[in-house]
Amino acid sequence: MEHKILSHQQIQHKIRRIAYQIYEANVSEKEIMIAGIDGDGLQFAKKIQSVLQDITEAEITLCKVSMDKENPLKSGVTTSIPEEGYKNKSVVLVDDVLNSGTTLIYGVHHFLKTPLKQLKTAVLVNRNHKKYPVKADYKGISLSTSLHEHVNVKFQAKNDVVYLD
């Protein structure tokens, strides 16, 4: 049975709030890199990028982060922008849901191999079931859920929604 957690309107509000928080933390930056984890994390990153482009003169660069979410050690992590492109920059790693922390920790690990000005994380839904010491610096909503419940994020034109089932 699905329970709607966030409506389209609520998600848009959370995207704007997160974008403003990112802007406030990077107000003096000339470039901010938004690194979205492939899939819904990348879709969420694109939405944040769009709002940031409206509120700041800084260049907002989108980077796609790819990995096998089931086995990130095996495949490794790759980015659409070479390492030199984000060296000494402010990077925000974005995913849709922070569940166990596996995807975010491997993404963070990848970026830590390069000197950065700062590295922050952003998620739409924080589930509080972490098995790794990773936190979301920017989060849309925190949910205390049971392990057998599943958070489902659907990004669709003018009908974004988050369900719990």
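Modeller: Keep in mind that this is a predicted model. Start with Asn26, which touches Ile32, Ser90 and Gln118, leaving aside residues up to four places away in sequence.

Colleague: Where is Asn26 found?

Modeller: Asn26 is in the loop between helix H1 (8–25) and strand S2 (31–37).

Colleague: Why is Asn26 called buried?

Modeller: Buried means under 20% relative accessible area. Asn26 has 2% relative accessibility, so Asn26 counts as buried.

Colleague: What makes the pair Asn26 and Ser90 a polar contact?

Modeller: The cut-off for a pair of N or O atoms is within 3.5 Å. The side chains of Asn26 and Ser90 make their contact at 2.4 Å, so the pair meets that cut-off.

Colleague: Now the sheet. What is the order of its strands?

Modeller: The sheet is open, has 6 strands with mixed pairing, and runs in the order S4-S3-S2-S5-S6-S7.

Colleague: Why are strand S4 (78–79) and strand S7 (138–142) said to stand at the edges?

Modeller: S4 and S7 each have a single partner strand, so one side of each is left without a neighbour in the sheet.

Colleague: How do you know that strand S6 (residues 118–126) pairs with S7?

Modeller: Pairing needs at least two bridges. S6 and S7 are joined by 4 bridges, so they pair, and they run parallel. In this region, Asn126 stands opposite Ser142 in S7.

Colleague: Which strands does H1 touch?

Modeller: H1 packs on the sheet and touches S2, strand S5 (90–98), S6 and S7. The direction of H1 makes about 150 degrees with that of S7.

Terms used: Residues numbered from 1 in each chain as written. Predicted model: local features only at pLDDT ≥ 70, side-chain atom pairs only at ≥ 80, totals over all residues. Heavy atoms only, no water. Helix = DSSP H or I, 4+ residues; strand = E, 2+ residues; numbered from the N terminus. Buried < 20%, exposed > 50% of the residue type's maximum accessible area, 1.4 Å probe, protein only. Polar contact = N/O pair within 3.5 Å; in protein donor to acceptor, adjacent residues only side chain to side chain. Contact = heavy atoms within 4.5 Å. Axes fitted to C-alpha atoms, helices over the stretch in contact; angles between N-to-C directions.
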